[in-house]
Structures are given as structure tokens and as C-alpha cells.
There are 2 protein chains.
Amino acid sequence: MQTKAGDHPGDVLIRKLEQRDRLSEEEKSVLARAVARIREFAVDEDLVREGERPTESTLLIDGFAARYKGLADGRRQITAIHVAGDFVDLHSFLLHRMDHGVVALSPCRTGAVPHETLREITERYPHLARLLWLNTLIDGAIHREWLVAMGRRPAVSQMAHLICELFLRLRAIGRTEGGSFRLPLTQAELGDTLGLSTVHVNRTLQELRAAGLVTWRDQIVTINDWDGLAAMAEFDPSFLYLESEPR
Amino acid sequence: MQTKAGDHPGDVLIRKLEQRDRLSEEEKSVLARAVARIREFAVDEDLVREGERPTESTLLIDGFAARYKGLADGRRQITAIHVAGDFVDLHSFLLHRMDHGVVALSPCRTGAVPHETLREITERYPHLARLLWLNTLIDGAIHREWLVAMGRRPAVSQMAHLICELFLRLRAIGRTEGGSFRLPLTQAELGDTLGLSTVHVNRTLQELRAAGLVTWRDQIVTINDWDGLAAMAEFDPSFLYLESEPR
DNA sequence: CGAGGTCTTGAAGACGATCAACAAACGTGG
DNA sequence: CCACGTTTGTTGATCGTCTTCAAGACCTCG
């Protein structure tokens, strides 16, 4: 699902849904027309702000973004990491109000799908509606997996788990090369993701490196020992629901 | 939304969806017919097992239940607490495979909605489909709030937050009396929920009691100082999306 | 009455946070 | 092209929260 220069923005969405089920030609053409209003964001810019009431949902066409919630003291917790093809706020279609912000972790290109269009899809293309619904359900499954990691796993294991997850998600969209992938997160952002201090993130990464499991340099993560990493993380990929089935 | 003896099981579902939007008479009658096969579960029994592929979704009519994931060493993490009126596995309709189990925290009564029926609803009653979708989105919003609490808040604050959340959710279904509500969780289960050891749960509760915020005895939680508790939790109820709006 | 679950307490230790300082990399403007 | 400020990564030392282990009290229920 590598995005090419000439790609129509709707293609990103079509490929996204096709990961989980087959689409008819009519459905594809509906999706192709659904995505409009391409926008670009710089690093640290908000794609969507906490508390906002969007009238359209944002499809991440290229780049990395994160959902986050701010705390009173200025700290924050990242609750999801998004990659190309993800809908970062599809849920705002029905929730109306954003309970979190979405920030660009790298330069981002996005498309917009008006809520009006989403509503029409639910009215006239129930199969597409189910696939969109499915995508929000997978977000929820990932949330749950993160809860387990934060609640019950030590930092190394949690970190290993995140790396395994991102590797599989990025491979599914053709953004890996062998055991490597680009991940433009600072250690501070990693800390906000895992609920750790920046210092501890640094030491945890050193531990993974020392164990020969992972190399992480210049935003390139390389998994040197998948089995070892997955074992350390107790990683079971089923929560990602990567298989295609009729829905 | 107190469940009465003579209640039709479908009424629980109708009231659930009516919390968030108005329903037509036709929609209500569809929902009334959707819920079948009443079942009873004892404490610690699984309503749904991890890895299962249900052909129906389970509506909790009465009692408390928890979603959980087991770890290799036998420990577990609870990722959601469900109260009367909640769909504990609506997501299995589209995800197909359960990525977690659901266990009864108290004796439970449940109804079943066949996935076939849910599919028909998506085909013929898009507005109902949106409201069902909405309910899974609110689950996700709660997951995110828990992630923030686990990642960035100390144990007392996290505990306070959970109590605030459950109070509002239970009040919305008429299961509170003044500042009190029944919550049949052991301290061990609370630990599995918050990602804490049982010992620390105990000491954290003592702290809340000593601060005059909460009393918790014989499964009855009493909030003695809502403002103090909410302040300690930095509690903002907006993530519960308790308001009714056209969807 | 005994057995098992739940709650409580104490003591010791581990994991991760915080504070502080410095090194390295990067972008920007002069 | 270099100088400089800022961001990011790294290290050491200390501190605190929470865990683990162990034991005893309390309670419920057969």
C-alpha cells in the first residue's frame, strides 16, 4: 500500500478497507469520491484539536500521527499511533466531540471525508458502513492491548510489544523493508505513549539493544530477532485482526 | 433505567440506545424483537471466552461483568467494566473473534442478539446501526481514558477516577442512591482493573478513606466529597458522552 | 467448626521517576 | 560556511511508588 505520487487520495481508503474484506466496483467508486480536501501538516501541528466538533473525519494519507490527551500539569498521554491509511477520528462522526487531540508526529498529508458523506454511506452502503465500523473496532482492540501492556507488563516488554505491533501494521501497508521500518518518534514521545519518563525510555531501549533484539537509529527501527522480541513482549498478533473475511 | 421484574428484555436495550438519541416506534419494536435467549451466570463464570467466535452478541441485562485478557503467568488485566444495559461483546459482530474474555463479577442475567439480526439492522435500520456503532465508540473512549489514568496518574488518582466514572455510568441507569452505589468488586479484581497489586489497592483505598472522599464497605461505595474526589482524579465526564443528540 | 476467600498490616526490595548535567545532532541566521 | 541556540539523546545519583513476600484477622458458608 505504498503511496505513490500519482495516487488518487481515495485509493488509500479503498486499500485500507480491502485489507479486511472484498469491495465491489460500486463501493470502490463511492469511496473514491468520499475523500476530498487534501491538507498538509507540519510536525507537532494538530490535525484535530481536543474538544473540537469536526464536521468531517480525517484520513491520514501519509505520515505518522498520534491521538493524545493533555493533563492539567502539561504532561500528556498518547493513546494511539496512526500510520498511512488510518482514519484518525472516524469516531467523531458519531461521538461529535473530540475527547482527544491528534498531532502530527511527522509531516502529514491528510484527506477529509465529510460526516455527511459518512452518513450517506450508512444509509445506502451498509457493507461499507460495517467496514468503517470495523476499523473503529480495531482501534478499540489496540487500546485494550495497550491497557494490558501498561497495566501488567514491565517497560521492556511493553516497548517490545509496541515495536512488534507497529512492525506488523506497517508491513501490512508496505512500509517495511525486511525487518526495518521508519518510525519518526522521539524518546519523549515514546515515553508519552508508554507512560514512561524519557530517561527510562532511553534505558529501556538500551536494554533491547544490549539483548540483540532491536536497533533504533536515525528513526530507523530494525528488528534483529523477531522471535526473541515477540517472546519478550508475549506478542500475539490476533488483536490486530489482519485477516480478510466477509463482514 | 432500573430493571424491574416484569421488564421485557428488549426494553433494556431500548433504554440504552434512548440515552443517546430518540428512537421511532418502529425502531423500538425492532429492538424489542432483537433480544432473545435469556441466560444466567454465576460469579466468576465466563459470559464469553477469549478466542471464541460468537454468532451472537451478549447484552448484559443485570449484574456486573468485566472484559479481561489473561497473561502467560496467570495474571490478568481487566480492560472494561460493564453494567446493566451494556453490550459486552457487540464488537464480535464484526471482529468475529474475541480478543478477550468476559467474566461475571456478580451474578449476571444476559440476553443474546444474533449477529444475523445485527446485520439486518445495518441493512435496514441505518439509524439503529449508527447507535450501536456509537456504543462501541464510547467503549473506545473509556479505554482511552483508562490509558491516560494508567499511564500518567498515580494510584489514588486512578482509583478516584474509576469511582467517578462508575458513579456517573450507574446513575445514568438509575443504579445509584444519593452518593452511593453497589459495586461488587473484590480488591484483587480492582487491582486487575487498575494494574495494581492487591496490597496496593488496599492501601490506596485507605488513603481515599482517610482523605474523607470515599467509603467502601460491604460492596457499597459512598462518595462523601464529589468535588474532592473529582479534583483528585482530574475527572472530566465528557468522555462518557452522556448527552442525547441526533446521530 | 473448619476451610477458603477476602481484607489488612509490616518489612524489604525493585522498578521507574526525578533531578542534574553533558554530549550530540540539527536547523537557522549571520 | 560557520556560529549558535535548541532539540534530542545519554549518563549518574537519589528518591518514591508500588511490588513482593509473609503473616494474621476477619468473614462467610458448607
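Which residues of H7(A) are buried? In this predicted model, in which local features need pLDDT of at least 70, side-chain atom pairs count only at pLDDT 80 or more, and totals for chains, interfaces and linings use all residues, they are A:Glu189, A:Leu190, A:Gly191, A:Asp192, A:Thr193 and A:Leu194. Residues are numbered from 1 along each chain as its sequence is written, while chains are lettered from A and ligands numbered from 1 in the order in which they are written.

A residue is termed buried if 20 or more other C-beta atoms, placed from the backbone, lie within 10 Å of its own, and helices (H or I, at least four residues) and strands (E, at least two) are DSSP runs numbered from the N terminus. Because 6 of the 8 residues of helix H7 (residues 187–194) of chain A are buried, this helix is largely enclosed by the rest of the structure. The cover over its buried residues includes strand S4 (65–70), strand S5 (76–82), helix H6 (155–172) and helix H8 (198–210) of chain A. After H7(A) comes A:Gly195, with a positive phi near 75 degrees.

According to UniProt, in an unreviewed entry, the feature "domain: HTH crp-type" lies at residues 157–227 of chain A; such annotations may be inferred rather than shown by experiment. Over residues 157–227, chain A is 55% helix and 18% strand, with the end C-alpha atoms 13 Å apart. A:Ile163 is in contact (C-beta atoms, placed from the backbone, within 7 Å) with A:Val214, A:Val221, A:Ile223 and A:Leu229, leaving aside its neighbours within four places in sequence.

DNA strand C is surrounded by 14 residues, of which the closest are A:Ala155, A:Ser197, A:Val199, A:His200 and B:Gln187; a residue is counted as near the strand if its C-beta atom, placed from the backbone, lies within 6 Å of it. H8 of chain A, and helix H7 (187–194) and helix H8 (198–210) of chain B, each supply at least two residues of this surface, and the largest share, 5 residues, comes from H8(B).

Conventions: A residue is buried if 20 or more other C-beta atoms lie within 10 Å of its own, exposed if 12 or fewer, and partly exposed in between; C-beta atoms are placed from the backbone. Two residues are in contact if their C-beta atoms, placed from the backbone, lie within 7 Å.
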